[in-house]
Amino acid sequence: MDPTTYARHELLDALQRDPYPLYAHARQTDGLTFVPELDAWLVARDADVREVLLRPEDFSSAQALRPDVIPSAAALGVLAGGFGPRPTVVSTDGAAHRRHRAPINSGLSAARVAALAPYATEVATALVDGFADDGRTELMSSYARKLPGAVIGRLIGLDPADVPAAVHGGHRAEQLLFRPMSEDEQRAAAEDVVALQHLLDRYARDRRAHPRDDLCSTMAAALAPDTGLGPGTREPTPDQRSELVANLQNFLIAGHLTTTALIGTALYHLLRRRDQWELLRARPDLIPGAVEEAVRFDTAVQGFRRTTTRPVVLAGTELPAGATLFVAYGSANRDEARHEDADVFDITRPPTPTRHVGFGHGAHGCPGSQLARVQLRLTLELFVRRFPGLRLSDDRVVMRPTLIHRSPEELHLTW
């Protein structure tokens with residue numbers, strides 16, 4: 001890596017580990033602030049964030065997940081053995097976005113989420129049983145990464161034996177595009193991503209031929225409809241296979257990494273503010289409020305990029321067509337103009353989801369928000385009951401350098 005690129009990544013790491021001072025400065029500055037580390041204009045105030053998210057015709061999502069790192073030629077050569085990138089629900093607008101979102105909305109209906117809750121509780125309880133007698137655990141590896149992976153795997157329709165590999169592949173896809181690595185590390189990550197893609201392709205082709213009551217079947221029916229004489233009579237086209245793999249991969253990653261992050265940050269802030277944990281112990285009825293406050297205070301998805309489709313003026317700043325913005329949900333959720341004492345973690349705030357944009361806003365609002373809430377709620381219920389004396393064994397917690405899935409690197413707990 002050349003010195004200039006290395007220096008940029010060092011600055012980006014520092015920003016991503018703690019973006020909140022920059023957010024605060026940007027909210028107090030007239031107009032928008034251009035951030036070289038992000039190569040984007042920072043949209044920091046709550047009102048401006050909401051305006052952008054409600055004007056998709058002017059602020060396109062096509063580059064919402066533009067990578068921070070371009071893979072090496074060697075890594076790209078490995079990726080060529082998988083399935084090429086295709087637009088997904090995150091990176092489309094208008095009719096294309098509605099087409100990609102429809103099967104996800106169906107798969108995440110209130111009835112389906114409710115039906116998943118007992119399974120999520122069963123998995124969470126088994127995970128806790130596995131370390132309850134130890135008196136300590138590293139939460140991210142023992143629980144926070146495992147519960148969401150199992151739940152999202154069940155929703156998609158993965159065999160439980162395939163879930164660990166799928167979750168691993170999802171983590172590696174994020175690393176490959178958002179973390180600087182050596183060429184050998186990039187190549188290894190690319191191999192894991194390709195393995196995930198081929199795994200998802202096998203499921204998609206099977207469900208197209210033999211539908212079941214799972215999200216993979218719903219996506220296959222919506223995105224790769226059979227043009228033959230009946231189910232399974234004709235193979236999906238290469239483009240259909242690529243589109244299915246891209247959308248399943250995107251859903252898998254979004255479905256488990258964000259909830260993993262949310263579980264980790266929620267427990268971190270509850271335990272860092274000891275009065276909040278003791279209050280939750282005394283009043284479990286505050287758990288719904290604690291869930292919303294955790295989402296608001298340290299948002300898992302800090303923001304997404306948007307691209308102007310024409311010359312526009314936002315917050316007094318003139319932007320040309322093709323300008324890149326980073327729409328910071330995490331900053332909007334700390335805006336004093338909307339949230340009193342915004343930098344204070346307070347689980348007694350009224351638990352009103354519309355008060356924050358932790359799950360987005362408008363057409364691109366997170367379709368899995370209720371499933372994430374269910375998993376965090378049952379986690380808090382379970383931990384308050386099983387570990388009333390829960391504590392941080394080390395409060396020097398380091399956050400992962402990412403604005404896509406903000407979470408602790410590790411979270412060591414004792415009881």
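**Aromatic contacts and a charge over two rings**

In this predicted model, Arg334 lies over the face of Phe297, at 3.9 Å from the ring centre, where a charge counts as over a ring if NZ of Lys or CZ of Arg is within 6 Å of the ring centre and within 35 degrees of the ring normal. Arg334 also lies over the face of Tyr20, at 3.9 Å from that ring centre. Residues are numbered from 1 along each chain as its sequence is written, and side-chain values use heavy atoms, with hydrogens and water left out. Because the model is predicted, local features need pLDDT of at least 70 and side-chain atom pairs count only at pLDDT 80 or more, whereas totals for chains, interfaces and linings use all residues.

The structure holds 9 aromatic pairs, a pair being rings of Phe, Tyr and Trp (its six-membered ring) with centres within 6.5 Å, and with planes under 30 degrees apart counted as stacked, over 60 as edge-to-face and the rest as tilted. Among them, Phe34 and Trp41 have ring centres 5.4 Å apart and planes at 70°, so the pair is edge-to-face. Phe34 is partly exposed, with a relative accessible area of 38%, and Trp41 is likewise partly exposed at 25% (buried means under 20% relative accessible area, exposed over 50%, partly exposed in between, with a 1.4 Å probe and protein chains only).

The rings of Phe297 and Phe345 also form an edge-to-face pair, because their centres are 5.4 Å apart and their planes stand at 70°. Phe297 is buried, at 4% relative accessible area, and Phe345 is buried at 2%. Elsewhere, ring pairs link Phe131, Tyr143, Phe383, Phe387 and Trp415 into a cluster.
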